[in-house]
Amino acid sequence: MISFVPQLCLTRRCCLVAGTTWLASGLTGTVHAGAQMEEPLVDAVRSALSAAVSGQAPPEPLFASTDARMEYLRWLTSMSDRLHRRMPDWEVRRDFLQTVWYEAKRSGLEVSLVLGLIQVESGFRKFAVSVAGARGYMQIMPFWTRVIGDGDAGKLFHMQTNVRFGCVILRHYLERERGDLFMALGRYNGSRGKDKYPNLVLGAQRQWLFDANAPRKA
């Protein structure tokens, strides 16, 4: 079964030396997606993945306390400022960030990691399509909708569907690789074992880190 455990571990040293050149270049419009490989899935895994992507109610964050809600709002403000150049419309930007936050937390992933992956995969373009045919923000290969969805690849251009598939698939790869983020990212990109893609994603992730304890601006 697929268990969503909110812990990631890096077991490759090269993941710690993420692409400085990428950071200097800023956000680009290049699609860096590879081609996720279609692999046989045992019935239990297929059922777990199918259940994980089912149900498309709009994400509504729930908070255990007022402090938790305020921390989320500070995160949202900080991320919105950073994303403004790529998504000028406030409502679009807010809905996107809320969806990424919700789906990342739901799958036990770091939100900054998911944002970094989206930056590398699609440059935050909703309708991006790679040469291999991967679609949307998280560049999902259409075969996934047949394997664990309803077979409608057109839904991969729906924001929440795309982000949910991407988060569930990445969590699945982390389970397959026993928490090895380097290998899981390579598997997501179809370049398992190679340095370039994991380093790009981890370099991009740095732009989306959030320190809840940082001094607030006056």
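Reader: In which helix is Leu-113 found?
Author: Leu-113 is found in helix H5. Helices are DSSP runs of H or I with at least four residues, numbered from the N terminus. The model is predicted: local features need pLDDT of at least 70, side-chain atom pairs count only at pLDDT 80 or more, and totals for chains, interfaces and linings use all residues. Residues are numbered from 1 along each chain as its sequence is written, and side-chain values use heavy atoms, with hydrogens and water left out.

Reader: Why is Leu-113 called buried?
Author: Its relative accessible area is 0%. Buried means under 20%, exposed over 50%, and partly exposed in between (1.4 Å probe, protein chains only). Therefore Leu-113 counts as buried.

Reader: How are H5 and H8 placed against each other?
Author: Two packed helices are described by the angle between their axes and the distance between the axes. The axes of H5 (residues 111-122) and H8 come within 13 Å and cross at roughly 35°. Axes are lines fitted to C-alpha atoms, for helices over the stretch in contact, and angles run from 0 to 180 degrees between N-to-C directions.

Reader: Which residues make the contact?
Author: Leu-113, Leu-117 and Glu-121 of H5 meet Leu-181, Leu-185, Tyr-188 and Asn-189 of H8. Contact means heavy atoms within 4.5 Å.

Reader: Where is Asn-189, and why is it called buried or exposed?
Author: Asn-189 is in helix H8 (residues 181-189). Its relative accessibility is 8%, so Asn-189 counts as buried.

Reader: What makes the link from Asn-189 to Ser-191 a polar contact?
Author: The two side chains come to 2.7 Å. The definition asks for a pair of N or O atoms within 3.5 Å; within protein, one must be able to donate a hydrogen and the other to accept it, and residues adjacent in sequence count only if both atoms are side-chain atoms.

Reader: How many aromatic pairs are there, and what makes Phe-63 and Tyr-72 a tilted one?
Author: The whole structure has 11 aromatic pairs. Phe-63 and Tyr-72 lie 5.2 Å centre to centre, with 40° between the planes. Rings of Phe, Tyr and Trp (its six-membered ring) pair if their centres lie within 6.5 Å; planes under 30 degrees apart count as stacked, over 60 as edge-to-face and the rest as tilted.

Definitions and conventions. Helix = DSSP H or I, 4+ residues; strand = E, 2+ residues; numbered from the N terminus.
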